[in-house]
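Subject: Structure handover

Hello,

I am passing on the structure below for you to take over. My notes on what was found follow it.

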Amino acid sequence: MYGRDPWGGAMEINGGDSATDDDRSRNLHEYDRAALTSSRQLDETQQSWLLGPSEQKKKTKYVDLGCLIVSRKIFLWIVGSILGVGLIIGFIALIVKLAPKHHPKAPPPDNYTLALRKALMFFNAQKSGKLPKHNNVSWRGNSCMDDGKSDTGSMFKDLKGGFYDAGDAIKFNFPASFAMTMLSWSVIEYSAKYEAAGELNHVKETIKWGTDFFLKTFNSSADSIDKLVAQVGVGDTSHGRTTPNDHYCWMRPEDIDYVRPVTECSTCSDLAGEMAAALAAASIVFKDDKPYSLKLVHGAKTLFDFSRKARGRYSERGSDAEIFYNSTMYWDEFVWGGAWLYYATGNNTYLSLATNPKMAKHAGAFWGSPDYGVLSWDNKLAGAQVLMSRLRLFLSPGYPYEEMLQSYHNQTGIIMCSYLPYFNSFNRTKGGLIQLNHGRPQPLQYVVNAAFLATLFSDYLDTSDTPGWSCGPNFYTSDVLREFARTQIDYILGKNPKKMSYLVGFGNHYPKQVHHRGASIPKNKIKYNCKGGWKWRDSKKANPNNIIGAMVAGPDNHDGFHDVRMNYNYTEPTLAGNAGLVASLVALSGDKSLGIDKNTMFSSVPPMFPNPPPPPAPWKP
């Protein structure tokens with residue numbers, strides 16, 4: 001039998017060969033050697049078969065990465081290097097993370113921010129009713145929990161809450177609502193600065209404490225009303241009256257046990273207009289709380305409608321309010337309230353009213369009274385004109401409002417000029433305090449309002465890319481207004497001839513005998529009756545309780561100040577005064593680059609497309 005030799009020759013296979021396996025193996029081995037010595041060249045594969053594993057060459061191994069083929073040895077080296085570097089980086093990162101950090105210290109808050117935090121505390125000390133747990137005034141407690149119930153002639157039975165006006169325990173809605181309007185205005189414009197100071201929630205809680213009480217003082221769910229509460233408590237001690245009341249007695253509010261009458265009014269356009277402004281402004285502050293914001297808007301509309309229908313001053317006819325917070329007119333509240341309701345609703349009816357030339361004329365917009373340009377709880381015209389200037393600067397609604405808005409804008413410029421020391425509209429003390437009330441007592445409440453308006457208008461100019469404004473032939477930059485505000489607030493904070501800070505708790509030298517019942521009577525578990533507290537009233541010692549954040553009435557027109565408890569013209573603080581102080585402080589505080597919030601005021605105002613003026617009359621030959 002013949003088989004095929006794989007190496008090219010014939011090979012005989014004898015199936016019957018009796019040779020042993022060893023002989024055959026030896027023969028094959030000799031045959032292989034003979035094949036190798038032949039002249040024929042074998043390829044590598046053939047040689048490897050013949051030589052066996054011991055003589056085979058080592059092959060390099062590779063790794064196929066898809067788009068690239070690399071040596072396995074190199075691949076393993078690269079992967080190992082990457083893992084090693086990763087471990088080193090991770091170890092370094094862990095060390096950095098666990099190592100103690102040394103952050104650069106944030107710059108200390110400026111004086112205006114520090115003063116702002118204290119000034120807001122005054123409102124905590126003035127709260128009436130059941131106090132919240134976080135009120136943070138240790139010497140205050142729940143008080144006057146039966147307000148409304150004790151007056152059988154009043155239909156309003158739940159009048160607990162709200163704020164006491166000053167050093168007494170009367171709740172006057174006229175100045176209190178102005179205070180809430182000012183606080184709301186400052187939040188709308190400077191919410192970022194409040195947040196930077198850590199006081200945004202605090203000031204909003206303060207505003208809500210006030211507006212919650214206002215909603216109790218009339219039928220806020222109705223579309224129309226015929227009366228509202230003007231005040232709770234009385235203070236008239238004229239003609240030798242000795243009936244216990246909030247001025248005759250000197251008691252802690254927590255210990256009051258005498259009857260507190262409720263005063264209602266049915267013709268009170270000024271009061272209703274100011275309360276409408278307060279609720280409307282607050283509705284913008286709480287716009288993110290839709291149900292509450294709508295409730296405030298509804299109440300504002302109801303009050304403003306009531307103020308327009310039942311004309312009259314709330315302090316007429318020998319009322320208690322005439323003695324303490326007499327209102328001179330109600331036309332300014334119509335313009336002021338109309339402006340705020342326009343911003344709160346976007347309803348052009350309110351804008352038409354606020355820009356009505358006859359309304360503005362009645363409010364005194366075109367004649368220079370001695371108090372022209374002085375914003376106060378009584379006269380809101382200056383504030384209303386700044387509000388309307390804002391509308392012209394940022395939205396410019398055009399016809400038919402432009403002419404009146406331009407007039408308000410021009411009048412605002414005149415007011416700002418009157419604040420500057422280059423003009424003689426108002427005198428100044430030798431220490432530099434502007435005499436906006438012409439030398440009358442309690443000047444600081446007017447000064448802080450002017451400082452707020454000046455800083456705010458300066459920010460309006462900056463935001464609208466307007467470099468300044470003109471006073472006659474002279475042009476002044478917006479920085480001049482800010483400097484005016486700084487000098488006035490700095491005076492209040494201690495840069496004055498007395499070196500006295502008129503903000504309690506700020507600095508090292510401030511009034512110690514503040515005219516305030518709660519602050520002057522110790523909380524020692526002893527209840528002092530109506531006359532029992534007189535000994536604390538007449539004491540020459542400092543108040544046992546510091547009423548932090550209270551801005552007192554201020555110095556006289558010669559920079560003099562008497563720290564005497566019984567002289568309220570120097571030492572009594574008020575809600576309205578502190579609200580203006582808070583507004584001016586937040587406007588000046590922090591980084592100027594934060595500026596105002598341009599858009600929140602217009603959150604309810606629809607987009608404006610100016611209407612064209614009417615066509616001219618037909619030509620007649």
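Accessible areas here come from the Shrake-Rupley method with a 1.4 Å probe, and for residues only the protein chains shown count as cover. On that basis the protein exposes about 30,500 Å², and carbon and sulfur atoms supply 55% of it.

Some notes on the source. This is a predicted model, in which local features need pLDDT of at least 70 and side-chain atom pairs count only at pLDDT 80 or more, while totals for chains, interfaces and linings use all residues. Residues are numbered from 1 along each chain as its sequence is written, and side-chain values use heavy atoms, with hydrogens and water left out.

Overall make-up

The protein has 20 helices and nine strands. Both are DSSP runs numbered from the N terminus: helices are H or I with at least four residues, strands are E with at least two. Of the 621 residues, 51% are buried (buried means under 20% relative accessible area, exposed over 50%, partly exposed in between, with a 1.4 Å probe and protein chains only). Taking contacts between residues at least 6 apart in sequence, 72% join residues at least 24 apart (contact means heavy atoms within 4.5 Å).

Cores

A nonpolar core is a set of buried Ala, Val, Leu, Ile, Met, Phe, Trp, Tyr and Cys residues joined through side-chain atoms within 4.5 Å. The largest one has 163 residues, and W185, W340, Y343 and I489 have the most contacts inside it.

I489 belongs to helix 16, residues 478-492. I489 counts as buried because its relative accessibility is 0%. Its contacts, leaving aside neighbours within four places in sequence, are Y112, V448, A451, L581, S584, L585 and L588. With L581 the C-alpha to C-alpha distance is 8.3 Å, although 92 residues separate I489 and L581 in sequence.

T113 sits in helix 4, residues 111-125. T113 has 7% relative accessibility and therefore counts as buried. Beyond its neighbours within four places in sequence, T113 is in contact with A197, S589 and G590.

Pocket and cavities

Both terms rest on a 1 Å grid over the protein atoms alone: a cavity is a set of points where a 1.4 Å probe fits but cannot get out, a pocket is an open set with protein on both sides within 12 Å along at least five of seven lines, and lining residues have an atom within 4 Å of a point. Grid points are joined across faces, edges and corners, and a volume is the space filled by probe spheres set on the points.

The largest pocket holds about 1,200 Å³ of space. Its lining has 47 residues, and I323, F324, Y325, W377 and Q442 lie nearest the centre. Helix 9 (320-324), helix 13 (381-394), helix 15 (444-463) and helix 19 (568-571) are the elements that give two or more residues to this lining. Helix 9 gives the most, with three residues. By type, the pocket lining divides into 21 nonpolar, 16 polar and ten charged residues (Ala, Val, Leu, Ile, Met, Phe, Trp, Tyr, Cys and Pro count as nonpolar, Asp, Glu, Lys and Arg as charged, and the others, Gly among them, as polar).

Three cavities of 30 Å³ or more are present. The largest cavity has a volume of about 70 Å³. Residues lining the largest cavity include Q442, L444, Q445, M551, E572 and N578. Two or more lining residues come from each of helix 15 and helix 20 (575-588). The lining of the largest cavity divides into five nonpolar residues, five polar and one charged.

Backbone details

Y399 and P400 are joined by a cis peptide bond, with omega about 5°. P400 lies in the loop between helix 13 and helix 14 (402-419).

K499 is a residue other than glycine with a positive phi, near 55°. K499 is in the loop between helix 16 and helix 17 (517-520), and counts as exposed because its relative accessibility is 60%.

D559, also not a glycine, has a positive phi near 65°. D559 is in the loop between helix 18 (534-537) and helix 19, and is buried, with a relative accessible area of 5%.

Regards
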